[in-house]
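Take a moment to look over the chain from end to end.

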Amino acid sequence: MPVAQKTKANITLKGSTEVVTEFFKYAVNSILFNRGVYPADDFNMVKKYGLVVLVTSDEALSAYLEKILTQVREWLVKGSIARLVLAIVSKESRVTLERWQFDVDVTKPSAAEGEGSAPPPKPETEINAEIRAIIKQIVSSVTYLPTLSEPCAFNILAYTSADAEVPEGEWLDTDPHAIEAGKAEAVKLRSFSTNHHKVEAMVAYRYEG
């Protein structure tokens, strides 16, 4: 059930958690900017992953996202989050127009490697290159997604394990914001991985056939 409301040296679990949380921050900001959910004037340019990315300058939105990512960070460390979804909905009809989905898997040693052995270190440059490819796909989404021609809002959903600790009053059980059957198309995006996590991305969108 979703809830609504973060070198060649081997990256530790804590370090991997920061990489994934930081990716979510820049991915969400990029989606909100490139899909026009918030005015372009509300974003500032920053350099990240060898790219120029846009980050909100709206204090209320920034605080809201930071609160979400702080909780996501805790769930990542404990391995209790499996998916993060950003749903873009029509303000007027509340119909879901787009559903950006990020599946999170905890990387475990293979049978050949054994439980006690560590996988080969994955260079940070390689991780950043994989993330850069996803961000580029988000930026280019205007070329393959329908234009959002009406005012929109967004919701963030987290799919957690049954035993995950969910702060009372901050996250609520909600519907999955699925797009109506027969009116949905999906585009699979690239993925990235560290020695501890793998993140796979996709976007589903509503179309009028």
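A residue counts as buried when its relative accessible area is under 20%, as exposed when that area is over 50%, and as partly exposed in between, using a 1.4 Å probe and protein chains only. The model is predicted: local features need pLDDT of at least 70, side-chain atom pairs count only at pLDDT 80 or more, and totals for chains, interfaces and linings use all residues. Residues are numbered from 1 along each chain as its sequence is written, and side-chain values use heavy atoms, leaving out hydrogens and water.

Start with the whole protein chain. It has 3 helices and 9 strands. These are DSSP runs, numbered from the N terminus: helices are H or I with at least four residues, strands are E with at least two. From the N terminus, the order is β-α-β-β-α-β-β-α-β-β-β-β. The chain has 209 residues, and 43% of them count as buried.

Now find helix H2, residues 59–78. Its 20 residues reach 29 Å from first C-alpha to last, close to the expected 28 Å. That expected span is 1.5 Å times one less than the number of residues. Which residues of H2 are buried? They are Leu61, Leu65, Ile68, Leu69, Gln71, Val72, Trp75 and Leu76. Seen down the axis of H2, these buried residues fall within an arc of 165 degrees, so they line one face of the helix. The arc is taken from the directions from the helix axis to the C-beta atoms. The face turned away from the buried side of H2 carries the exposed residues Glu59, Ala60 and Lys78.

On a 1 Å grid over the protein atoms alone, a cavity is a set of points where a 1.4 Å probe fits but cannot get out; a pocket is an open set with protein on both sides within 12 Å along at least five of seven lines; lining residues have an atom within 4 Å of a point.

The lining of the largest cavity includes Leu65, Ile68 and Leu69, which are also among the buried residues of H2. Phe24, Lys25, Val28, Leu84 and Ile156 line this cavity too. Helix H1 (13–34) and H2 each supply at least two lining residues.

The largest pocket is lined by 13 residues. Nearest its centre lie Leu97, Thr147, Glu150, Arg206 and Glu208. Strand E5 (96–106) and strand E9 (197–206) each supply at least two residues of this lining.
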